[in-house]
Every structure is written in C-alpha cells, then in structure tokens.
Amino acid sequence: MKATVTQLTDQLIVSYAKVGGINHLDGKNLPSKTAIAGITVDLLRLLFPGFFDERTIHSSELKVEMVSLMDSVRERLEDEIYKSLEYATPEGLSKKDLRRAAQEMTLDLLRDLPRIRERLKTDVDAAYNGDPAALSQEEIIVAYPFVEAIAVQRVAHALYRKQIALIPRIMSEWAHARTGMDLHPGAQIGSHFFVDHCTGTVVGESCIIGDHVKMYHGVTLGAKSTSDVEQLRGRKRHPTIEQRVTIYPGATILGGETVIGEGSTIGGNVFLTTSVPPHSLVVFEGVTMKVMNKRERELVVVDFQI
C-alpha cells in the first residue's frame with residue numbers, strides 16, 4: 001500500500017521526538033545561512049569595487065552605489081548579529097540592549113573595512129609576486145579562489161574577535177565550499193599571505209601566521225590530537241608560523257607548541273610535530289626527513305627514518 005504524504009510526515013515527526021540534538025525547535029532564531037551568504041558576497045563587493053559586480057561601476061557614480069550597498073549590508077548584517085547575540089548571550093539583557101550591541105558591532109565591522117582592504121592589497125601583491133603564471137593583479141582578484149578565501153577570513157576574523165557566535169564560521173565555511181581552502185576565522189594571519197592553488201589547505205583556529213608566508217595546496221596546520229575535546233577547547237592547539245616561511249604541497253604541521261622559525265622552508269609531504277629553528281630547510285631525502293640550516297647547508301637534526 002502506497003504511503004500518503006501525511007503518513008510520511010507523521011513518521012518524520014516521530015523521529016523528531018525520538019532523535020534529539022539535531023532539531024532546533026522552539027529556540028532562539030538562528031542566523032540565516034542564506035542571508036549571510038548574500039551579505040558575504042556584498043562585503044566582497046565593498047572590499048573590491050567593480051570586481052564582484054555584474055556591470056561596470058564608474059567613478060562618477062561610485063559614492064551613490066557604495067552608500068546604497070553599505071546601507072543594505074548594515075541593515076542585513078545587524079539583523080543577523082542580533083540573532084547571534086540573542087542565541088549566545090546570557091539571559092538578562094533586554095531586546096533593546098541586544099539591538100544596540102548589534103548596531104555597534106555592525107558599525108565596528110564596517111569602520112574596519114578600509115583597514116581590511118589595506119591588508120588584502122598586500123595579499124594580492126604577494127600572489128602576483130609569488131606566481132609567475134599571474135599576468136595581472138586583475139587576474140588574481142577575479143580568477144584566484146585564494147582571494148575570496150582570505151578576504152572572507154579577514155572579515156570573519158574581525159567578527160570572531162568580538163566573540164560573535166555562528167556568523168564567522170558560516171562565512172568561512174561558505175568560502176571553504178567555494179574555494180576548497182579551509183581558513184578558520186580564529187586564525188591570526190599576517191600581511192602578504194599567499195596560498196598558491198589553495199585546494200585542500202587547512203588552517204586551524206589557533207594558528208598564528210606571520211607576515212610574508214607562502215603556502216601551497218594540501219598544507220595542513222592542525223592540532224596534534226582532539227581526543228580530549230573539552231580540555232583542548234579554547235587552548236592553543238595549532239602551530240605558529242613565523243614570517244617569511246614557505247610551506248610546499250602536502251606538508252602537515254601539528255601542535256600548539258610547534259613553531260616554524262622565521263625564514264624557513266618546509267618541503268612537500270613533510271610531517272612535523274616539533275619546532276624547527278629559524279632559516280631551516282626541512283626535506284625528505286629518501287626515507288629520512290632532515291632539518292638543515294638553509295644558510296650553511298649543515299645538518300641540524302635528523303627527525304626520524306621511515
């Protein structure tokens with residue numbers, strides 16, 4: 001006997017009662033993934049005027065266009081931040097207090113856009129100077145997925161620092177789905193950052209990355225272990241990469257106490273859970289991973305042999 005739509009719905013509703021934890025019923029209104037995706041696109045339009053628009057924007061109409069777009073982003077983002085605060089803020093604050101806080105946090109982010117643009121210009125410069133296949137900076141902005149990933153991360157990081165729940169992760173996961181690069185909004189990333197190809201690259205929440213760092217696809221900057229989640233939550237679990245470090249494809253660097261010293265080069269497919277001093281070259285030679293001083297080409301330590 002063919003089941004009716006009503007019968008199928010009844011079965012699903014029984015599941016809602018039986019299998020808890022993946023329902024969100026009768027609770028606070030959560031930020032909308034769809035709305036935040038649209039806001040993120042419009043933030044990219046504010047950050048890179050003319051690059052994410054469907055038509056040419058002339059200088060003579062720039063102010064009118066940007067005022068309209070800025071006002072739209074302000075209104076929509078404020079609504080989503082209000083939902084986030086309502087969801088995550090302790091009881092006792094009035095709706096008026098939450099709305100005022102959402103207004104101020106939204107304005108703080110919009111005030112921060114010129115600073116974020118300055119940082120993004122250094123990332124575009126790094127990509128152009130670091131990739132001989134790049135024919136222009138325009139090509140990098142319109143065609144390199146890295147640009148979207150790092151732009152969204154830098155915006156999401158500003159919201160993350162204000163301890164706004166859910167929205168930074170929704171933004172960064174939107175960029176992750178589009179670009180293949182997973183940059184946690186909590187990661188602290190310096191200027192002149194570039195990830196060539198970028199697919200499969202993962203940067204964890206508590207990573208600290210210095211200026212002028214270049215990475216390639218498939219790099220993981222992760223945690224050593226997540227077996228004791230509650231003890232690890234809120235602690236530094238991911239490595240520190242000092243300035244002017246290059247990390248080649250497939251390298252894995254793990255651990256909150258792991259520091260890759262300034263000016264080092266990490267070869268492809270290297271696996272590191274310990275720090276290396278500044279100006280190190282870490283490579284595989286045969287089945288042995290070696291850490292050498294780049295300037296003197298002298299062996300510092302042999303980490304392990306497979």
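**Exercise 1. Identify what covers the buried residues of α7.**

Solution. The cover includes the helices α2 (33-47), α3 (62-88) and α6 (145-161). It also includes the strand β1 (182-183). This is a predicted model. Next, list what is being covered. In α7, the buried residues are Ile167, Pro168, Ile170, Met171, Ser172, Trp174, Ala175 and Thr179.

**Exercise 2. Compare the span of α7 with the expected span, then state what follows the helix.**

Solution. Start with the length: α7 covers residues 167-179, which is 13 residues. From first C-alpha to last, α7 reaches 18 Å. At 1.5 Å a residue, 18 Å is expected, so the two values are close. After α7 comes Gly180. The phi of Gly180 is positive, near 80°.

**Exercise 3. Work out the strand order of the open sheet and find its edges.**

Solution. The sheet has 4 strands, ordered β2-β5-β8-β11, with parallel pairing. The edges are β2 (188-189) and β11 (259-260). Each has a single partner strand, so one side of each lacks a neighbour in the sheet. Take the pairing of β11 with β8 (residues 240-241): it is parallel, over 2 bridges. Within it, Thr240 has Val259 of β11 as its bridge partner.

Notes. Residues numbered from 1 in each chain as written. Predicted model: local features only at pLDDT ≥ 70, side-chain atom pairs only at ≥ 80, totals over all residues. Heavy atoms only, no water. Buried < 20%, exposed > 50% of the residue type's maximum accessible area, 1.4 Å probe, protein only. Contact = heavy atoms within 4.5 Å. Pairing = 2+ DSSP bridges.
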